[in-house]
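Biologist: I am new to this structure. Please take me through a single part of it, slowly enough that I can follow along.

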Amino acid sequence: MVVGAGAIGSPLVRGLLWWPHLERIWVADNDRVERSNLPRQPWYRVADIGREKSRALAEAVGDDRVRPITVAVDHDFTWPPVSLIFDATDNWPARAAIQREAWRQQIPWIFASAVRWEGQVALLRPGGPCLECLFGAHPTEGLRCFEAGVVSTVTLAVAGQALAVAEAWESRGHQWEDRLYLLDGREGRVWWVRLPPKECPHGS
Ligand SMILES: [Zn+2]
């Protein structure tokens, strides 16, 4: 399931189409396509302006495994059973709801964020470090990308890295789940830091 059909979520969905074993790809987004989305989200057309993003995206990719959901993902959201959740949102309350559900279903989720020239990606598993371990109890509601701006160099790189991390987890070929990836579009750098190895004390 991909939460968010914007500049990160849409390329993620397109990448997931090439995972042949996926029966469903849920795409949840409560927003409608706006003209200001088009420069960084070119898969939407002028004719899509005003339409529900998740529906417009499902139609654009033309694969009936992609199922749009057009309600907000918050604590009232009714989740379908899924095997992996991608966070392609730009806000902390939605991330907290994603994490809560991932722990409830005992599945991993992929944190993906991009603001201005910087991106972050990590696969977080039940029992391992959680958002709170990484960013503290109440992460500052920093500038969201529609306020701060973000460059597509970073959103596309974040989507690509999230897919790479997910593929590595799927194939069990790499143990990348203990890393936080950091991307810097100005420096053209991707690097990673090790997540805290301790068990999460916050109930993940
Ligand atoms: Zn924790």
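Modeller: Start with tryptophan 92, which is buried because its relative accessible area is 18%. Here buried means under 20% relative accessible area, exposed means over 50%, and partly exposed lies in between (1.4 Å probe, protein chains only). The model is a predicted one: local features need pLDDT of at least 70, side-chain atom pairs count only at pLDDT 80 or more, and totals for chains, interfaces and linings use all residues. Residues are numbered from 1 along each chain as its sequence is written, and side-chain values use heavy atoms, with hydrogens and water left out.

Now look at the rings. Rings of Phe, Tyr and Trp (its six-membered ring) pair if their centres lie within 6.5 Å; planes under 30 degrees apart are stacked, over 60 edge-to-face, and the rest tilted. That rule gives 5 aromatic pairs. One of them joins tryptophan 92 and phenylalanine 135: the ring centres are 5.2 Å apart and the planes meet at 65 degrees, so this pair is edge-to-face. It links distant parts of the chain, 43 residues apart: tryptophan 92 belongs to helix α3 (residues 92-105) and phenylalanine 135 to helix α4 (residues 131-135). Helices are DSSP runs (H or I, at least four residues), as strands are (E, at least two), and both are numbered from the N terminus. Phenylalanine 135 is partly exposed, since its relative accessible area is 28%.

Trp92, Trp109, Phe111 and Phe135 make up one aromatic cluster.

The charged end of arginine 95 sits over the ring of tryptophan 92, 4.9 Å from its centre. To count, NZ of Lys or CZ of Arg must be within 6 Å of the ring centre and within 35 degrees of the ring normal. Elsewhere, the charged end of arginine 179 sits over the ring of tryptophan 192, 3.6 Å from its centre.

Stay with helix α3 for one more residue. Alanine 94 is found in this helix. Alanine 94 counts as buried, because its relative accessibility is 6%. Set aside its neighbours within four places in sequence, and alanine 94 is in contact with Val73 and Thr89. Contact means heavy atoms within 4.5 Å. Aspartate 29 is 65 residues from alanine 94 in sequence, yet 11 Å away in space, C-alpha to C-alpha.
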